[in-house]
Amino acid sequence: MSQVLHEIEKKIITSLKVNPKQTPEQLEKSTSLSTDQIRRGMEWLKLKELAIVSESQSITLSLGKNGLESFHKGLPERRLIDLLKNESKKLQHLQKELGSVFGPAIGLARKNNWIDTSEDEITLKIYPSELPGEKTLKQIGENKIPKNEVDIADLSSIMKRPDFIIEDIIKTREISLTENAESIEITAGSSNAINVESKVPDVFVARTHPLKDTIDEIREIFVTLGFTEIIGNMTQPSFWNFDALFTPQDHPARELQDTFYLDGLSAKKIGTSEQIRKISESHKKNWRYYWDINEARKMVLRTHTTCVTIKHLAENKPDEARFFSLGRVFRNEKVSYKHLVEFNQIEGVVVGKNATLRDLMGIQREFYRRIGITKIKFWPTFFPYTEPSLQTMVYNDRLEKWVELFGMGIFRPEVTKPLGITKPVLAWGGGIERIAMLKYGLDDVREFYSNNLSWLRSVTKCQ
Amino acid sequence: MPVVELSYSRLQKLLGKISKKQISDSLPFLGLDIEYEDKDLIRVEYSPNRPDYSTDLGIALGLQGLFGIKSGAIKLNIRKSNDYAIHVDPSVTKIRPFVTGIIAKNGRIDDSIIKQLMAMQEDLHFGIGRKRKKSSVGIHDLDKISFPLTYTTSKRDHKFTPLNSEKEFTISEILNNTKVGLDYGAILVNSPQVPIILDSQKQTVSFPPIINAALTTVTTKTRNLFVEVTGINKNDAENMLSVVATILQTAGFALVATKISGAKNTSPKLEQKNISINSELINQILGLNLTGSQIIASLKKSRLDATLKGKNIVCGVPSYRFDIFGQMDLVEEVVLGYGIQNLVPILSPSQTLGQTNQISIKLKSLSLIMIGLGYTEALNSSLTSKRVLYEMTNREPKKMISVLDSKSQEHTILRDSILPGLLENLSRNIHTSYPQKVFETGTVFSQGNPIDETTNLAVISAHQEATFTEIKSILQSTLKTGFNLEAEMKTFSHPTFEEGRTASISVNGKIIGIIGEINSKIIENYKIRVPIVGFEISLFD
């Protein structure tokens with residue numbers, strides 16, 4: 001058995017190996033440790049079952065005031081018979097010699113028939129060589145001695161005399177080693193050992209937000225898939241959020257109840273005059289309504305990051321490119337466990353003359369594979385600005401159901417043509433919170449923004 | 001997304017020997033998401049561009065294609081007739097210029113058909129009808145009406161008995177005292193004349209787009225129907241009519257044409273349109289190598305007609321499929337017919353190298369510095385409330401940017417500062433152990449041209465021994481480590497902070513932020529029991 005022992009424990013064991021049963025006081029002397037160190041050491045050794053502590057009780061005797069006087073001057077009756085040893089004495093004379101002890105002494109002498117009394121003359125009849133109690137007095141003297149060392153019969157003769165014998169009851173603890181401890185070899189080294197098994201306080205690690213971790217993870221995946229990140233404003237003219245994406249001005253999605261319009265704010269400059277003209281023509285031709293530029297100027301909180309991408313494409317008209325945009329988007333919704341008014345979205349595009357729908361699906365599949373989702377399928381869906389349009393369904397083992405994730409499609413010619421984009425544009429995007437919810441096993445999306453420190457401090461970081 | 005309620009047993013009646021599982025497995029491949037399922041009942045979400053899916057009859061047409069029961073386009077068999085004329089009076093031109101219609105005869109109407117037709121009507125009104133503004137539809141019992149009809153206008157004191165009522169109302173009463181009147185009356189603006197359809201006996205048939213007359217109510221006893229659509233645009237009105245006509249024919253009715261004339265109105269044709277597409281384009285977009293006949297078979301499964309003409313495919317699109325604008329829409333129809341599940345994803349090597357945005361990189365580095373200094377990252381909405389932004393922190397609102405009609409009181413104003421949100425966060429953590437050290441980076445908004453968006457960093461520290469010195473050290477280390485900058489601090493006054501313990505932060509002579517001990521009143525308002533210090537700075541200017 002190998003045990004790490006504290007220096008205190010080592011000293012106690014060493015001493016007990018020499019002297020197998022010791023009281024704490026004895027150990028203090030033999031080890032030169034303090035009272036407190038001995039107390040702690042004994043406790044540790046007891047817990048480790050290396051030592052046992054036995055408790056016993058003993059009685060000691062010492063002499064009281066009268067006992068001590070008798071020890072020095074002799075018992076009262078001894079002093080009486082010593083005075084009478086050589087001659088008879090007058091009562092008054094004895095009274096004067098013995099003082100306060102005269103009474104008890106004369107009483108005892110009479111009772112034991114050691115003396116004769118005639119008139120006031122006292123004469124000794126027998127001179128006893130040793131009186132009861134004298135042996136005990138001599139034995140105790142000025143010391144404390146265990147009761148079991150004295151002659152109980154002799155002791156009892158003086159036990160009852162007032163202030164003669166003091167009895168002390170003493171409890172003693174004695175420590176001895178167990179068999180386990182006997183086999184321990186005390187060696188040098190590991191002299192700073194502590195109790196490594198005890199509990200310690202929690203330290204809270206400062207950390208990035210779990211949702212930010214998911215965002216970073218997703219960003220890195222798309223960068224490594226060849227996508228370049230672009231950034232744009234959260235406040236956008238309706239023109240880029242809706243009109244440029246072929247969403248007619250009377251479309252239900254543009255109503256106040258779905259989109260946040262900014263009170264009284266319109267953009268003066270929304271695009272080049274050619275962009276505005278061509279987009280308005282496309283709307284008039286395909287949707288047959290009066291296209292109002294003032295409607296396009298109205299500032300909204302972007303409902304998707306697609307507005308950032310389409311503007312970037314319109315400004316750069318690349319033939320071959322991969323972009324993504326990542327950030328907050330807004331919907332005028334009632335906040336609930338599954339809906340927020342503001343959440344994060346990633347959205348990306350592939351531009352290229354050979355870009356196909358199967359490539360778009362392949363990029364999605366690869367992305368899901370990298371975040372650990374392998375069970376996926378594609379379903380058709382509808383977006384005003386893509387055709388064909390698909391959505392991904394992923395299987396979640398915890399929820400035991402298919403969950404809708406990213407939407408995707410190829411930008412409609414009605415979107416790309418007016419902006420001078422000639423190559424096919426594959427586009428995809430979706431909410432990040434939903435992915436993070438799957439990752440962290442959350443059922444309430446509001447948790448991400450409640451900044452509950454207990455939760456932030458407890459989320460497993462490396463997952 | 002609109003929702004339609006279906007029953008498996010009714011679908012099975014329409015489809016023949018198809019199992020429940022086959023149906024539920026196939027619905028998503030028509031773009032229909034199953035939202036709820038209970039025994040015989042299924043509720044599915046359909047896309048607003050497919051109003052034909054607003055009834056089980058329309059969905060059955062789609063499923064017939066997928067299961068191979070029937071293929072190709074649905075042809076409307078409309079018998080020509082001179083019996084059903086509608087004359088349009090020029091007075092409608094300024095208010096609701098167009099009317100169109102069709103007759104549907106000899107159908108069997110039961111409660112479930114009535115339910116499906118009513119649901120369809122609602123969805124058509126809401127979606128392509130743009131809440132009845134663009135176009136609206138009325139379905140009437142044909143046998144209660146004597147033709148020819150007149151689509152004209154009347155004054156607001158015109159009286160008739162509206163649907164679901166037993167007594168006569170004037171137009172004004174309907175507009176002012178009934179729910180539909182109040183909901184849709186605004187479409188008629190304040191025009192003294194309103195649109196009305198009268199029959200040859202001067203009986204009121206309909207008051208579009210508000211309500212039909214009680215006279216023509218459709219019941220289970222009705223055998224013959226008259227459908228009218230009115231609107232502000234001829235094309236859109238005919239589109240809506242074509243959906244209803246297709247559904248009624250599918251339900252077993254025989255269609256008969258109406259004859260419409262006057263004030264630029266003409267009879268509806270509801271004809272197929274032909275769109276031609278190159279098969280190479282289809283294969284190029286899909287990444288497939290389909291033969292002409294494979295493409296044709298796929299289009300037919302999607303209930304379209306298709307014939308091969310050299311390398312081109314001529315596609316016949318029925319009038320109710322007005323969601324098909326051009327060639328790319330046909331590509332989608334091909335892939336739906338071919339089956340998305342048969343498309344194998346491919347991962348082609350990227351022709352471009354990816355790059356993270358510089359701002360993202362800097363913000364990441366900054367957050368690592370804050371972590372190193374012992375601060376945990378928080379995230380708050382940028383759309384927040386007046387209470388959090390101003391009231392709780394004693395700040396003066398100036399040039400707030402607010403949103404219209406928010407459904408949530410906690411989200412009405414764009415933040416111009418991050419710090420108030422962090423204070424709010426701490427107030428919700430008063431039972432969690434201290435010290436609490438939190439930071440957030442994010443966008444703040446201010447009115448500009450029209451809106452300026454900048455990135456800020458806010459940092460707060462709350463614990464029994466929090467002092468100005470502590471937070472000033474943190475600021476100093478952050479600026480030095482992150483940007484090799486040294487800031488100058490000058491005594492400053494700000495209602496959020498404690499007087500005499502607040503400073504402005506300047507870099508190169510320009511104020512970039514504020515630092516100090518949070519005002520004890522604010523801490524008290526938030527029922528926090530420890531001092532708080534903090535700062536907020538603008539980044540990247």
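Me: How many bridges join strand β14 of chain A to strand β15 of chain A, and in which sense do they pair?
Reply: Strand β14 (residues 386-396) and strand β15 (residues 401-411) of chain A are joined by eight bridges, in the antiparallel sense. Strands pair if DSSP finds at least two bridges between them. Thr386(A) has Phe411(A) in β15(A) opposite to it.

Me: What sort of model is this, and how are the labels assigned?
Reply: This is a predicted model, in which local features need pLDDT of at least 70 and side-chain atom pairs count only at pLDDT 80 or more, while totals for chains, interfaces and linings use all residues. Residues are numbered from 1 along each chain as its sequence is written, and chains are lettered from A and ligands numbered from 1 in the order in which they are written. Helices (H or I, at least four residues) and strands (E, at least two) are DSSP runs, numbered from the N terminus.

Me: Which order do the seven strands of the open sheet in chain A have?
Reply: The order is β7-β11-β12-β16-β15-β14-β13 in chain A, and the pairing is mixed. At the edges stand β7 (228-230) and β13 (376-380) of chain A, each of which pairs on one side only. From one strand to the next, the twist averages 25°.

Me: What lies across β13, β14 and β15 of chain A?
Reply: Helix α10 of chain B lies across those three strands, and α10(B) runs at about 40° to β14(A). Such angles run from 0 to 180 degrees between N-to-C directions, with axes fitted to C-alpha atoms, for helices over the stretch in contact.

Me: How many residues does the contact take from each chain?
Reply: Chain B gives 70 residues and chain A gives 75 residues; residues are in contact if their C-beta atoms, placed from the backbone, lie within 7 Å. On the side of chain B that touches chain A, the elements giving two or more residues include α7 (234-250), α11 (358-372) and β23 (436-447) of chain B. The most comes from α10(B), which gives six residues.

Me: Switching topic, where does β26 of chain B find its partner?
Reply: Strand β26 (residues 497-507) of chain B is joined by seven bridges to strand β27 (residues 510-518) of chain B, and the two run antiparallel. Ser506(B) stands opposite Ile511(B) in β27(B). The two strands form a hairpin with two residues between them, and Asn508(B) in the turn has a positive phi of about 50°.

Me: And how many bridges join β27(B) to β28 of chain B?
Reply: Five bridges join β27(B) to the antiparallel strand β28 (residues 532-538) of chain B. There, Glu536(B) is the bridge partner of Ile514(B).

Me: Now the helices: at what angle do α1 of chain B and α3(B) pack?
Reply: Helix α1 (residues 8-15) of chain B packs against α3(B) at an angle of about 55°, and their axes are 10 Å apart. This angle makes α1(B) oblique to α3(B); angles under 35 degrees count as roughly parallel, over 145 as roughly antiparallel, 65 to 115 as roughly perpendicular and the rest as oblique. Among the residues that meet are Leu11(B) and Leu14(B) in α1(B), and Ala60(B) and Phe67(B) in α3(B).

Me: What about α5 and α6 of chain A: how do their axes cross?
Reply: The axes of α5 (residues 76-84) and α6 (residues 91-98) of chain A come within 11 Å and cross at roughly 135°. That makes α5(A) oblique to α6(A). Pro76(A), Arg79(A), Leu80(A) and Leu83(A) in α5(A) meet Leu94(A), Glu97(A) and Leu98(A) in α6(A).

Conventions
Contact = placed C-beta atoms within 7 Å.
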